[in-house]
Protein chains: 2
Amino acid sequence: MAYTIRDVAAAAGVSTATVSRALRGLPHVNPQTRELVRRVASDMDYVVSPSASRLASGRTGTIAVIAPFIARWFFSTVLSGVDSVLHTHDIDLLVFEVGDPAIAYRIPPERRLRGRVDGLLVVALPSEESAVANLLDLGLPVSLIGATAAGVPSVSIDDVAAGQTATQHLINVGHQRIAIITGQPKPTGFTPATDRERGYATALRKAGLTQDPQLRSFGYFTVAGGEQAMTGLLAHAQPPTAVFAASDEMAFGAIRALRRHGLRPGQDVAVVGVDGHDLSDLLDLTTVTQPVRDLGRMAAEALLAQLQLPMAERSRVAQATVVPTTLVVRSSTVPVLLAES
Amino acid sequence: MAYTIRDVAAAAGVSTATVSRALRGLPHVNPQTRELVRRVASDMDYVVSPSASRLASGRTGTIAVIAPFIARWFFSTVLSGVDSVLHTHDIDLLVFEVGDPAIAYRIPPERRLRGRVDGLLVVALPSEESAVANLLDLGLPVSLIGATAAGVPSVSIDDVAAGQTATQHLINVGHQRIAIITGQPKPTGFTPATDRERGYATALRKAGLTQDPQLRSFGYFTVAGGEQAMTGLLAHAQPPTAVFAASDEMAFGAIRALRRHGLRPGQDVAVVGVDGHDLSDLLDLTTVTQPVRDLGRMAAEALLAQLQLPMAERSRVAQATVVPTTLVVRSSTVPVLLAES
DNA sequence: TTGTAAGCGTTATCAT
DNA sequence: ATGATAACGCTTACAA
């Protein structure tokens with residue numbers, strides 16, 4: 001059996017209360033005493049029992065990340081960013097993979113969370129979904145990542161701007177017939193998808209281009225989906241000369257569809273994505289890059305800041321942090337004139 | 001304040017002990033009573049306090065995954081597999097990202113784990129590292145994923161066979177000058193790297209080919225590393241006609257290096273990887289596929305099985321589960337005759 | 001089958 | 001600055 005605080009107290013010749021105070025760095029402890037206690041505890045290799053500490057204090061020292069997927073680039077990268085800051089604060093990181101919001105869903109019910117975590121990080125989930133809304137109303141501090149909701153702190157990019165930047169770039173290099181590959185046909189409450197599409201529409205409008213509903217297709221934010229969408233677009237009587245994919249992974253799929261049809265991305269059909277996926281460079285994909293790892297980091301830091309505040313002080317004004325994106329131009333979009341030469 | 005077990009007991013007109021037993025499905029409870037307690041508890045929206053339960057029982061209902069990275073395909077995919085089984089068992093999943101074993105390392109010390117988890121899942125970490133060895137000696141049930149160690153349960157592929165299969169395939173399609181891109185120059189105790197290389201050597205030997213030390217290079221299991229390695233190989237007086245990369249991500253890098261040099265993967269230089277990465281299909285990479293998600297799933301299941309056993313019964317015979325791989329041939333390796341035509 | 005009550009190992013309040 | 005001690009909410013012998 002491992003040593004308890006009582007053993008340490010006895011060995012140091014003080015009370016358990018003093019041990020607790022000394023070890024946690026609380027004030028009103030004689031420096032000498034503190035030093036003594038520390039040494040004794042460390043000599044005994046004493047570790048506080050998390051369960052006991054949590055029960056007595058009511059704090060768990062744990063935060064949960066709730067994301068639809070773990071094994072996709074965006075999400076695992078966010079997770080890594082989150083871990084990097086929680087780690088330095090000795091906070092435990094609990095992971096919940098809830099599945100595709102568009103399909104069956106496994107949002108952990110309140111029961112699964114209550115008393116288990118001090119705060120929640122919700123990644124790229126539609127806050128309109130009732131299950132998600134419930135989470136936000138749990139009374140726990142929450143930060144959203146890669147999505148926004150009124151009255152809830154969040155860290156994300158300006159998705160409208162991202163869509164507009166991407167589309168404008170296609171326009172700039174000479175395209176007029178520009179398709180979009182977005183997520184689902186119907187709006188799902190997942191704001192980035194609709195926002196990026198709005199940016200696309202805005203760019204077209206500002207350029208005086210009309211939006212052809214035929215050129216709207218759906219890639220469900222997967223590579224396979226993007227490939228299917230692009231394949232569909234190529235089957236049209238008047239296929240597009242350029243495509244804006246609302247995510248890099250869908251853009252990858254689009255590129256693959258082009259190759260399968262013997263078309264060269266950039267030369268024959270321009271493709272631009274959003275994300276700055278690790279492999280976008282490898283695939284020579286032009287993309288609007290977002291600092292995904294930082295999203296995770298910043299949200300985690302914001303959440304920790306909330307937690308450190310005395311319950312009463314916790315700001316009721318939710319900060320929606322917007323981080324900048326960068327257009328990275330690669331050969332999947334070359335100016336039309338060059339492409340034709 | 002949330003209801004406690006006492007509130008439920010009072011409301012149901014039974015003792016707290018009965019509530020506890022009824023709710024946890026323990027035997028020796030009158031079905032009627034159990035039903036009553038369940039209904040009352042659910043009506044009150046009662047949830048047991050995890051901290052209290054853990055303190056009293058000594059079990060945490062939590063397992064930790066310890067991995068060098070989170071944001072790489074292999075690891076996030078394993079994690080997802082693990083989550084899928086833990087989720088259905090209502091076990092909490094704690095994540096520790098420990099960083100590159102070859103660089104600075106952040107293996108959670110015993111202090112960070114003791115009393116916090118019931119078991120450990122260690123992913124692709126060199127069991128020879130003393131920090132890792134310490135973990136294994138913690139007294140907690142452990143399963144390794146994607147690595148093996150004597151006396152420790154593990155789930156992985158046969159890495160020697162994988163290396164041999166990959167290399168043999170290159171030989172079969174007509175190559176004789178076959179390079180390898182492996183991880184680090186020096187063995188690190190990370191078994192898959194050295195094992196895959198042994199498979200490579202074996203295949204060459206069996207084919208009567210001599211192994212040219214010039215054709216051994218290092219990609220550090222990253223895309224960028226693979227690209228550098230391939231670039232180095234191409235600079236040789238007699239560059240290889242084929243490359244075995246010990247991971248798909250390094251193979252991706254190799255492909256990119258080839259493209260940068262105006263060479264066509266498969267046509268000019270054959271490339272084969274190991275992993276079955278999501279995007280290997282996209283990049284037309286021939287690869288030895290391993291069922292990564294299943295690795296996570298199986299290891300999690302094995303670990304749970306251990307946990308369910310009464311402490312005394314826990315088998316001292318460590319199962320090393322080896323799952324089969326599949327060679328998936330794509331156009332990054334086309335027979336030499338065809339390539340030349 | 002059910003109830004009683006003694007822990008589980010801390011934290012935090014109140015004295016001293 | 002330190003010490004006693006009552007919670008914290010549950011589990012689990014042991015009794016009934």
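Which helices of chain A and chain B each supply at least two residues of the surface near DNA strand C? Select α2 (16-24) and α4 (50-57) of chain A, then α2 (16-24) and α4 of chain B. Helices here are DSSP runs of H or I with at least four residues, strands are runs of E with at least two, and both are numbered from the N terminus.

Before going on, note that this is a predicted model, in which local features need pLDDT of at least 70, side-chain atom pairs count only at pLDDT 80 or more, and totals for chains, interfaces and linings use all residues. Residues are numbered from 1 along each chain as its sequence is written, while chains are lettered from A and ligands numbered from 1 in the order in which they are written.

**Stop 1: DNA strand C**

Stay with α4(A). It gives the most to this surface, five residues. Now show the 24 residues around DNA strand C. A residue is near a strand if its C-beta atom, placed from the backbone, lies within 6 Å of it. A:I5, A:S20, A:A52, A:A56 and B:A17 come nearest. Colour by class: eleven are nonpolar, twelve polar and one charged. Ala, Val, Leu, Ile, Met, Phe, Trp, Tyr, Cys and Pro count as nonpolar, Asp, Glu, Lys and Arg as charged, and the others, Gly among them, as polar.

**Stop 2: DNA strand D**

Switch to DNA strand D, with 26 residues around it. The closest are A:A17, A:H28, B:I5, B:A17 and B:A56. Two or more residues come from each of α2 and α4 of chain A and α2 and α4 of chain B. The classes here are twelve nonpolar, twelve polar and two charged.

**Stop 3: α2(B)**

Select B:T18, B:V19 and B:A22, the buried residues of α2(B). Buried means 20 or more other C-beta atoms within 10 Å of a residue's own, exposed means 12 or fewer, and C-beta atoms are placed from the backbone. Look down the helix axis: the buried residues fall within an arc of 100°, so they line one face. The arc is taken over directions from the helix axis to the C-beta atoms. On the other side, B:A17 and B:R24 are exposed. Just after the helix, B:G25 has a positive phi of about 70°.

**Stop 4: the two chains**

Show where chain B touches chain A. The contact takes 32 residues from chain B and 31 residues from chain A. Residues are in contact if their C-beta atoms, placed from the backbone, lie within 7 Å. On chain B, select α5(B): its six residues are the largest share of that side.

Terms used
Two residues are in contact if their C-beta atoms, placed from the backbone, lie within 7 Å.
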